[in-house]
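I opened the model to look up side-chain contacts and helices. My notes follow.

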Amino acid sequence: MVHYNQNERYIKYLCHFHYDHDFFECHEVLEEQWKLELNNEYKKVWLGLIRLAVVLYHYRRGNYAGAKKLMRHVHAYANDPTLTKMAGLDHKTFQEIVNNLQANINDHKQYKHFHLPIKDHKLYQNFIKQKNNYSSFTEDLIHKHSTRDRSDVISERNKQLQIRKNQ
């Protein structure tokens, strides 16, 4: 198993999150990790971060209902110190961020970007080294889902749903 602070997909997630604010790509890249992950606890870590990216994607587009729908999962993630530690994040700061995010979504405030509180030094160093490989935010990222063929992702989701129904 690759330690989280050297996990290429997680580092890409962090780069997309912080540098180009491409939450759609955050979701895509970490979903790949989630599908490949063998450790059930890390599956929860990746799923929490994927859901955060989806919440932010909806929120930034003004889809408050879509953002609210997943916030309970993000709250559960933020309230679990084991999961946030496994992601190399500062637990208390992340909780505060998620609480503020929830309030802003509930109040229909305009989206404002924030940074994840990376606590793990090695993870931070590995992430910061990648900065020159990423561009800055552009408006076309707001509605990125409408320009991509996601049939393979949808197919995989349906397959996983059927597996869960049959269990």
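Predicted model: local features only at pLDDT ≥ 70, side-chain atom pairs only at ≥ 80, totals over all residues.

Entry 1, arginine 72. I find a polar contact between the side chains of arginine 72 and histidine 73, at 3.4 Å. I count a polar contact when a pair of N or O atoms lies within 3.5 Å; within protein, one must be able to donate a hydrogen and the other to accept it, and residues adjacent in sequence count only if both atoms are side-chain atoms. Arginine 72 sits in helix α4, residues 64-78. I take helices (H or I, at least four residues) as DSSP runs, numbered from the N terminus. Arginine 72 is exposed, at 61% relative accessible area. My cut-offs are under 20% for buried, over 50% for exposed and in between for partly exposed, with a 1.4 Å probe and protein chains only. The C-alpha of arginine 72 is 9.1 Å from that of glutamine 102, 30 residues apart along the chain.

Residues are numbered from 1 along each chain as its sequence is written, and side-chain values use heavy atoms, with hydrogens and water left out.

Glutamate 28 is buried, at 15% relative accessibility. Its side chain makes a polar contact with the side chain of histidine 27, at 3.3 Å.

I require a side-chain nitrogen of Lys or Arg within 4 Å of a carboxyl oxygen of Asp or Glu. The count is three.
- Glutamate 8 pairs with lysine 12 at 3.5 Å, N to O. Both lie in helix α1, four residues apart, about one turn. Glutamate 8 is exposed at 55%; lysine 12 is partly exposed at 34%.
- Lysine 35 pairs with glutamate 32, closest N and O atoms 3.3 Å apart. They are three residues apart in α2, so about one helical turn separates them.
- Glutamate 41 pairs with lysine 44, closest N and O atoms 3.1 Å apart. Both are in α3. Glutamate 41 is partly exposed at 34%, and lysine 44 is partly exposed at 43%.

How many of its 21 residues are buried? I get 15, so α3 is largely enclosed by the rest of the structure. At its start, a side-chain oxygen of asparagine 39 comes to within 2.8 Å of the backbone nitrogen of glutamate 41. Glycine 62 follows α3, with a positive phi near 85°.

Key. Helix = DSSP H or I, 4+ residues; strand = E, 2+ residues; numbered from the N terminus.
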